[in-house]
Amino acid sequence: MQKHGFVFFRYKKDVLLKFHPYTFYLFMTRCALYILLSAFFSISCEKTHEEKLEENISHYISHSITNSSGYQPMLTIIQDTITVGEFAEMTLLINENDILKYREEIDKDNLEINKLENSDTGITNELLLKSYKESLKSCNKRIKVRLDQNDKLEELRHSKAVAFYVAQHKCRLKNGFGVLDENRFYIIASDKDEVLNVSDNYSESTLKMRTLFDTRYLKK
């Protein structure tokens, strides 16, 4: 039995040695074909950015919107891609305008405080004086917050990383009469296609974006 086994092994070994170049070529060809087919199917099966986002939007609306009965997605369009640097630049401009506005208010408050404290009548309206001083304190505090933000924003202004995707989503939802109506939502999504905010009001959506940016990048 051992001899038979030995001969069988040698026989197979000789065959392999004899056809080694052809076998190697066949093996490599099959490997290359397998790799190409795997790459093709992985690319064809992988969801596009828009498909992932639409799927997440559909899930969000179905589970988070109160009146989501009869929800039927129609169209999702990515309107804009906003980088961290772009949003930082925009926030810097907004902060500079805010600081100018608060400094103007400080000048007005100081003027009114000076009038009240140096009144010719000798009578000071303490409640009014207190309100101006509180306004003065509030303005100084807000200026400090924005100046601190500006230091971080200067570090972020050259970043090319995606901060938000802004998308528009059209769908059908049942109204109070059970009839399907066309609805339009404005979507803010993260760079990971995570839905951060859904609103039917564009201005509200823009304001929410500022809050989200502050939370994610300025309050770390």
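Here is a short chat about some labels used for this predicted model.

Student: Why are helix α5 and helix α6 called roughly perpendicular?

Tutor: They pack at an angle of about 80°. Angles of 65 to 115 degrees count as roughly perpendicular, so α5 and α6 get that label. Their axes are 11 Å apart. The contact includes Gln149 and Leu153 of α5, and Phe213 and Tyr217 of α6.

Student: What makes Glu117 and Lys133 a salt bridge?

Tutor: Look at the N to O distance, which is 3.6 Å. The cut-off is within 4 Å, so the pair qualifies. Glu117 sits in helix α4 and Lys133 in helix α5, so this bridge ties together parts that are 16 residues apart in sequence.

Student: Why is Glu117 called partly exposed?

Tutor: Its relative accessible area is 45%. Buried means under 20% and exposed means over 50%, with partly exposed in between, so Glu117 lands in the middle class.

Student: How do you know that Asp109 has no salt bridge?

Tutor: The nearest side chain of opposite charge, Lys108, is 8.5 Å away.

Student: What makes the link between Asp109 and Ser135 a polar contact?

Tutor: Their side chains are joined at 2.7 Å.

How values were computed
Residues are numbered from 1 along each chain as its sequence is written. This is a predicted model: local features need pLDDT of at least 70, side-chain atom pairs count only at pLDDT 80 or more; totals for chains, interfaces and linings use all residues. Side-chain values use heavy atoms; hydrogens and water are left out. Buried means under 20% relative accessible area, exposed over 50%, partly exposed in between (1.4 Å probe, protein chains only). Lys and Arg count as positive and Asp and Glu as negative; His and the chain ends are not counted. A polar contact is a pair of N or O atoms within 3.5 Å; within protein, one must be able to donate a hydrogen and the other to accept it, and residues adjacent in sequence count only if both atoms are side-chain atoms. Axes are lines fitted to C-alpha atoms, for helices over the stretch in contact, and angles run from 0 to 180 degrees between N-to-C directions. Helices (H or I, at least four residues) and strands (E, at least two) are DSSP runs, numbered from the N terminus. Angles under 35 degrees count as roughly parallel, over 145 as roughly antiparallel, 65 to 115 as roughly perpendicular and the rest as oblique. Contact means heavy atoms within 4.5 Å.
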